[in-house]
Amino acid sequence: MEDGKSSSQSAGKPIRCKAAICREAGEPLVIEEIMVAPPCPYEVRIRIICTSLCYSDITFWKLTVPPACVPRILGHEAVGVVESVGENVNEVAPGDVVIPTFLSECGECEDCCSKRSNLCSKFPFKIHPWMPRYENSRFTDLKGEVLYHFLFVSSFSEYTVVDINHVVKIDPAIPPDRACLFGCCIATGVGAACKVANVEAGSTVVIFGLGSIGLAVAKGAKLCGANRIIGVDVNPDKFEIAKKFGVTEFINSKDCGNESLSQVVKEMTGGGADYCFECVGLASLVQEAYASCRKGWGKTIVLGVQKPGSQLSLSSFEVLHSGKTLTGALFGGVKAKSDLPLLLKRYTDNELQVDEFVTHEVKFQDINRAFELLMGGKCIRCVIWMDK
């Protein structure tokens, strides 16, 4: 490149590589050779080391209505090495190890300059098929057909292009199969407990849904010193697993009899939980979580990805009279560039354990096996290695 920021022979040129493409909703991904364009100004081209499968990928893989679109390269939880950079990129250089993030941090807008928000207003979060600045794609197949981006990351490709506001430089000594989890799962769950809810020591927490995000919430709640961490799920097998993450009690939501789930929670907790986390993505469960919170100070934090068009129905009387809080927590309230390094330090200092999240590993060519494992309910996180 003219700016001399890359010694790579591929810099400034398209790269031919393999990607796993979603060509039809719900159909197995197809591994094909594609072309990845060089980065434009303010962009970074990254060689993906490994990526993990998040249930949000499955949600959008199945989706048949907007914002669904095909052909698309999914994936948003990954770690990689900078291959080359576009003009005006000074934050990272070729060879740096980075986490691409679906949430931006420009460092300039009012939101990024405030401690109260992680929602950049200059480059807002969207379920978007393009690069954020230029509204076009860096991917084409070998026929020249455009391939759409996913969540500004698209990590199911050997190479991807990401805006600099979505890139976080990390310590290369951190194992990549652990670092990648911080791109969504760990940041969302631990951040929601520690930063958004600000769980107090000695408190009671109820987690609705013991998937990877729910288990990460349990980790965060335990870090904060919660006394009781109650897990709610339809699968009783998850309780034994969840104990390793700090969950102390379990409710099988299928076994509530004539009582509502919130009635069971209130009876267990003597009036309601201090903090409730909805980690499934069901409007009805958000309502149950809100009803399960203690009047006066209870907080409900929504983390589950709802289907487009989902609506909540809450009694205005209850909202006024109960004095409870209901809030969302995209990316766990974590600022990508400011907070991820702090979370990673808690990992390297052995304060935050994440090894038990990785239950399976597959080669890139076996990526569809990762989908089968996660949908089968036996997998927490499956790491997909690009070059093993």
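Is F371 buried or exposed at 2% relative accessibility? F371 counts as buried. Buried means under 20% relative accessible area, exposed means over 50%, and partly exposed lies in between (1.4 Å probe, protein chains only).

This is a predicted model: local features need pLDDT of at least 70, side-chain atom pairs count only at pLDDT 80 or more, and totals for chains, interfaces and linings use all residues. Residues are numbered from 1 along each chain as its sequence is written, and side-chain values use heavy atoms, with hydrogens and water left out.

**View 1**
Rings of Phe, Tyr and Trp (its six-membered ring) pair if their centres lie within 6.5 Å; planes under 30 degrees apart count as stacked, over 60 as edge-to-face and the rest as tilted. The count by this rule is nine aromatic pairs. F60 and F150 have ring centres 5.5 Å apart and planes at 55°, so this pair is tilted. F60 sits in helix α1 (residues 55-62), while F150 sits in the loop between β7 (146-147) and β8 (159-163). Helices (H or I, at least four residues) and strands (E, at least two) are DSSP runs, numbered from the N terminus. Both F60 and F150 are buried. For W61 and F371, the centres are 5.0 Å apart and the planes meet at 65°, so the pair is edge-to-face. W61 is in helix α1 and F371 in helix α10 (residues 367-375), 310 residues apart. W61 is buried, at 8% relative accessibility. W61, F156 and F371 form one aromatic cluster.

**View 1. The nonpolar core around F182.**
A nonpolar core is a set of buried Ala, Val, Leu, Ile, Met, Phe, Trp, Tyr and Cys residues joined through side-chain atoms within 4.5 Å. The largest one has 110 residues. F156, F182, F277 and F357 have the most contacts inside it. Contact means heavy atoms within 4.5 Å. Leaving out residues up to four places away in sequence, F182 touches several residues, including I99, F331 and Y347. A second, separate core has 14 residues, among them V206 and F208.

**View 2. Helix α7 and its cover.**
Seven of the 10 residues of helix α7 (residues 283-292) are buried, so the helix is largely enclosed by the rest of the structure. Among the buried ones are L285, V286 and Y290. Their cover includes β10 (204-208), α6 (261-269) and β13 (275-278).

Side chains of opposite charge can pair when their charged atoms come close. A salt bridge is a side-chain nitrogen of Lys or Arg within 4 Å of a carboxyl oxygen of Asp or Glu. The whole structure has 23 salt bridges. E33 pairs with R16, with the closest N and O atoms 2.6 Å apart. E33 lies in strand β2 (residues 30-36) and R16 in strand β1 (residues 15-21), so the bridge ties together parts that are 17 residues apart in sequence. R16 is exposed, at 52% relative accessibility. R23 and D141 also meet in a salt bridge (3.0 Å, N to O). R23 is in the loop between β1 and β2, and D141 is in strand β6 (residues 139-141). D141 is buried, at 4%, whereas R23 is partly exposed, at 23%. R23, E32, D141 and E145 are linked in a network of salt bridges. K219 and E356 form another bridge (2.5 Å, N to O).
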